[in-house]
Amino acid sequence: MEFKLLALDLDGTLTNSKKEITPHTRETLIRAQQEKGVKIILASGRPTYGVAPLANALGLDKFGGYILAYNGGEIIDWRTREIMYKNLLDHDVLPYLYECAKKNGFAIVTYENEYVLTEKPDDEYVLKEALLNIMKIKKVDNFLEAVKHPIAKCLIVGEPARLARLEAEMREHLKDRMGVFRSEPYFLELVPKGIDKARSLSVLLDELGLKREELMAAGDGFNDLSMVKFAGMGVAMANAQDVVKENADFITLSNEEDGVAHAVEKFILS
């Protein structure tokens, strides 16, 4: 089967520990687009603004590729900037999310354009999120009053062991209304019900008239599991969670060893 689409997670997959795409991986992905006509999808939990620099670095605006942001809450055609799919949080649930964060002393954040909005701009995990996405932090006096615009997700951040307990509590309370999961031990993602990377990729495939067998997907984290299982060729990084490796068709090198380039050379460029 010839792969026409390549879906890539970012952190721990496409980028190394410095959150950079290495020159070799970039060159390999440019070749896949130029020589094979492969369309790249950058599939991340990051907001769109945090994915955009990597999309531009890989020429998705030139070759025609897609950003799948917020773990699948939004799909954008990066050449035309058309929003092809969007799933938003119900504002009615925000007071509960806010209270959960507040009673545990955690910070809660969401996004507006190039800003991370929070009441706790100096929190170490808020600073991590802003640095990861190359976004500015905007301090708000009252989170609930500040968030009147449509949003695709919230993030509660904090010490991993305590956050794990809150995750279990919130998941039980919100199981019929929202997705609740951690993308990192210290990041608790709060997204609309049913949002995951595989479901959004399915929407995109339908839009493009392509089959899942024509999709290759690579990832490392729990939130990549659905797309690794869904794709015609599911690739796990050597540094991936064990459950991702167990469900992959192929285990490539780590994100420190150009693992994405290795898989692309083997299955797309060979």
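User: With axes taken as lines fitted to C-alpha atoms (for helices over the stretch in contact) and angles as 0 to 180 degrees between N-to-C directions, at what angle do H4 and H7 pack?
Analyst: Helix H4 (residues 94-103) and helix H7 pack at about 160°, and their axes are 12 Å apart. This is a predicted model, in which local features need pLDDT of at least 70 and side-chain atom pairs pLDDT 80 or more, while totals for chains, interfaces and linings use all residues. Residues are numbered from 1 along each chain as its sequence is written, and side-chain values use heavy atoms, without hydrogens or water.

User: Which residues meet there?
Analyst: On the H4 side they are Tyr-96, Leu-97, Cys-100 and Lys-103, and these meet Leu-166, Glu-169, Met-170, His-173 and Leu-174 of H7; contact means heavy atoms within 4.5 Å.

User: What else does H7 lie across?
Analyst: Helix H7, which spans residues 160-174, lies across strands S9, S10 and S11, and runs at about 160° to S10. Helices (H or I, at least four residues) and strands (E, at least two) are DSSP runs numbered from the N terminus.

User: OK, the sheet then: what's the strand order?
Analyst: It is an open sheet of six strands with mixed pairing, in the order S8-S7-S6-S9-S11-S10, where strands pair if DSSP finds at least two bridges between them. Strand S8 (136-139) and strand S10 (178-184) are the edges, each pairing on one side only, and the twist from one strand to the next averages 30°.

User: How many bridges join S10 to S11?
Analyst: Six bridges join S10 to strand S11 (residues 187-192), and the two run antiparallel; within that pairing, Val-180 has Leu-190 of S11 as its bridge partner.

User: And where does H5 pack?
Analyst: Helix H5 (residues 124-133) packs on the sheet, where it touches strand S6 (107-112), strand S7 (115-118), S8, strand S9 (154-157) and S11, and its direction makes about 65° with that of S11.

User: Switching topic, how many salt bridges does the structure hold?
Analyst: The structure holds 14, counting a Lys or Arg side-chain nitrogen within 4 Å of an Asp or Glu carboxyl oxygen. One of them joins the side chains of Glu-189 and Lys-153, at 2.5 Å from N to O. Glu-189 is in strand S11 and Lys-153 in the loop between helix H6 (143-146) and S9, so the pair ties together parts 36 residues apart in sequence.

User: Last one: how do H1 and H11 cross?
Analyst: Helix H1 (residues 23-36) and helix H11 (residues 259-269) cross at roughly 25°, and their axes come within 9 Å. The contact includes Leu-29 and Ala-32 of H1, together with Val-264 and Ile-268 among the residues of H11.
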